[in-house]
Amino acid sequence: MAYDKFNILTSSAVPLPIENVDTDQIIPARFLKATERKGFGDNLFRDWRYNTDNTPKTDFPLNNAKYSGKILVGGKNFGSGSSREHAAWAVYDYGFRCVVSSFFADIFRGNCLNIGVLPVQVSAPFLEKIFEAIEKDSKTELQVDLPQQTITILSTGEQEGFDINDYKKGNMLNGFDDIDYLLNIKKSIDQFAQDTPL
């Protein structure tokens, strides 16, 4: 399933300064029955966003009207816990295209990259600067430049680089998942098969 191409994203951000956010908090297990990637955004952080009577918790950042944007800024060790890919689906379906943290669980990072959410890992000091900038001005914008692999706090000009696997970077730039990538090189695969003796 192809997704939107990712090149340069300039957006305000939603802060979630909580460490060790695990996948059960991102999308509780009771919402994992669906097999398509649709509808999970409604239940992103469900138990943190809503009371038991389904009224929104006003102190949770996603329910605070002053925060908006396509970037979620989380605390250290974001996406830990189980390997459920639904957690990445929920992040994408809600509308986030980038998650920033000082550390990601490996499986969550991979699941994000497979569906078009860019996990940007920064140093702990730079993450703190991002949180401080958002606290000072909730509309402050971040610029995530995938080709150059940099993230910039536009209000201060402070910038830091981030790492990404070359294969996944290419897929993100083209909006490819793994199947799209293979379909894109189908002619080369067919030619290799013809040129390779059995």
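Predicted model: local features only at pLDDT ≥ 70, side-chain atom pairs only at ≥ 80, totals over all residues.

Trainee: How many salt bridges does the structure hold?

Mentor: Side chains of opposite charge can pair when their charged atoms come close. A salt bridge is counted when a side-chain nitrogen of Lys or Arg is within 4 Å of a carboxyl oxygen of Asp or Glu. The structure holds two of them. In one, Asp24 pairs with Arg84, and the closest N and O atoms are 3.0 Å apart. This pair links distant parts of the chain, 60 residues apart: Asp24 is in helix α1 (residues 23-26), and Arg84 is in the loop between β2 (71-74) and α3 (86-94). Helices (H or I, at least four residues) and strands (E, at least two) are DSSP runs, numbered from the N terminus.

Trainee: Which partner does Lys129 have in its salt bridge?

Mentor: Lys129 pairs with Glu158, with 3.0 Å between the closest N and O atoms. Lys129 lies in helix α5 (residues 124-136) and Glu158 in strand β7 (residues 158-161), so the pair ties together parts that are 29 residues apart in sequence.

Trainee: Is Arg84 buried or exposed?

Mentor: Buried means under 20% relative accessible area, exposed means over 50%, and partly exposed lies in between (1.4 Å probe, protein chains only). Arg84 has 17% relative accessibility and therefore counts as buried, whereas Asp24, at 37%, counts as partly exposed. Lys129, at 36%, is partly exposed, and Glu158 is also partly exposed, at 28%.

Trainee: Which residues touch the most other members of the largest nonpolar core?

Mentor: A nonpolar core is a set of buried Ala, Val, Leu, Ile, Met, Phe, Trp, Tyr and Cys residues joined through side-chain atoms within 4.5 Å. The largest one has 53 residues, and those touching the most other members are Phe45, Val73, Phe78, Val100, Phe108, Leu118 and Val144.

Trainee: Which residues of helix α4 are buried?

Mentor: In α4 (residues 106-115), the buried residues are Phe108, Asn111, Cys112, Leu113 and Ile115. Their cover includes α1, α3, β4 (118-121) and α6 (166-174). Just after this helix, Gly116 takes a positive phi of about 100 degrees.

Methods. Residues numbered from 1 in each chain as written. Heavy atoms only, no water. Contact = heavy atoms within 4.5 Å.
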